[in-house]
Amino acid sequence: MVSATFRFYEELNDFLPRARRKVEFTVPCARAATTKHMIEALGVPHTEVELILVNGESCGFERMLCDGDRVAVYPKFEAFDVRPLLRVRAEPLRVMRFVADAHLGGLARLLRMAGFDTLYDNRIDDPTVAALSEDEGRVALTRDRDLLKRRGITHGCYIRALKPAAQFAEIFQRLDLAASARPFTLCLACNAPLRTVAKAEVAPQLPPAVRASHEEFLTCDVCQGVFWRGSHWRRMKALLESQGVAAG
Ligand SMILES: [Zn+2]
């Protein structure tokens, strides 16, 4: 019988039962179990893990566990520089694109507002989220840890916050999105690119007060929506600025 000792750090403890949080504990391991297999069996989605040390040496998800191994499991670091150590994934995704699960519509709209290509449909099921993540290299966003354990999902993000604005701030900080944001370039409803449109072209669709007070408009060629810098825009601009994004 192989048994190994585990210690999880920082927010990874949220996934553990109380008695196993922030302490070392020893558990029996399945035959030929890998680090990934055991970490997930203990309740922590592998997508949340940034660094694994076995007996003090960094290793990947495929490391086979041996009797007496001591395994330390870390989330994405905020305070420490782990670059000299081997991370569990070779490279981060270069262009951040997302697929949100069916419960994260508010967050999906905010990510689109910030210019991040985000697929969302309120009828999307978990296998489809996983397939889109794998096939299109999208980061899967969910509050369902079982979804992140699906085979094929290498990039995923477990969302802790409950409200869309807080979820947005959480992702922005965790994935360091501020530098790559392109505010107000995608339609919030369709995820399609927005383009500048002449006022004359959209004037018939505009409420009279908007027609009188705005000169610049954007439109979406998919839903034909027309957008201008009104109160909704100002609220979103404030949200972006709170995350360090200059939003015009
Ligand atoms: Zn649209």
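This is a predicted model: local features need pLDDT of at least 70, side-chain atom pairs count only at pLDDT 80 or more; totals for chains, interfaces and linings use all residues.
**Stop 1: the cavity**

Select Glu11, Glu48, Pro75, Lys76, Arg160 and Arg174, which line the largest cavity. The division is 1 nonpolar, no polar and 5 charged. About 30 Å³ of space lies inside this cavity. The structure holds 1 cavity of 30 Å³ or more.

**Stop 2: the domains**

Now colour the chain by domain. Domain 1 covers 2-85, domain 2 covers 98-180 and domain 3 covers 194-241. Between the centres of domain 2 and domain 3, taken over C-alpha atoms, there are 27 Å.

**Stop 3: helix H3**

Select residues 126-136, which form helix H3. Its buried residues are Val129, Ala130, Leu132 and Ser133. Look down the axis of H3: these buried residues fall within an arc of 165°, so they line one face of the helix. The general rule is that an α-helix has 3.6 residues a turn, so residues three or four places apart point the same way.

Next, show what covers the buried residues of H3. The cover includes strand S6 (98-100), strand S7 (118-119), strand S8 (139-142) and helix H4 (145-148). Then step just past the end of H3 to Gly137, where phi is positive, at about 60°.

**Stop 4: two loop residues**

Go to the loop between helix H5 (164-175) and S10, and pick out Asn191. Asn191 is not a glycine, yet its phi is positive, near 70°. Is Asn191 buried or exposed? Its relative accessibility is 12%, so Asn191 counts as buried, the cut-off being under 20%.

Move on to the loop between S11 and S12, where Gln224 lies. Gln224 also is not a glycine, and its phi is positive, about 65°.

**Stop 5: the second largest pocket**

Finish at the second largest pocket, which holds about 470 Å³ of space. Select Phe184, Leu218, Phe227, Trp228 and Trp233: of the 22 lining residues, these are the closest to the pocket's centre.

Which elements supply at least two residues each of this lining? Show strand S10 (194-197), strand S11 (217-220), strand S12 (226-227) and helix H8 (231-242). H8 gives the most, with 4 residues.

Last, colour the lining of this pocket by residue class.

Technical notes
Residues are numbered from 1 along each chain as its sequence is written. Side-chain values use heavy atoms; hydrogens and water are left out. On a 1 Å grid over the protein atoms alone, a cavity is a set of points where a 1.4 Å probe fits but cannot get out, and a pocket is an open set with protein on both sides within 12 Å along at least five of seven lines; lining residues have an atom within 4 Å of a point. Grid points are joined across faces, edges and corners, and a volume is the space filled by probe spheres set on the points. Buried means under 20% relative accessible area, exposed over 50%, partly exposed in between (1.4 Å probe, protein chains only). The arc is that of the directions from the helix axis to the C-beta atoms. Contact means heavy atoms within 4.5 Å. Ala, Val, Leu, Ile, Met, Phe, Trp, Tyr, Cys and Pro count as nonpolar, Asp, Glu, Lys and Arg as charged, and the others, Gly among them, as polar. Domain bounds come from an automatic or database domain assignment.
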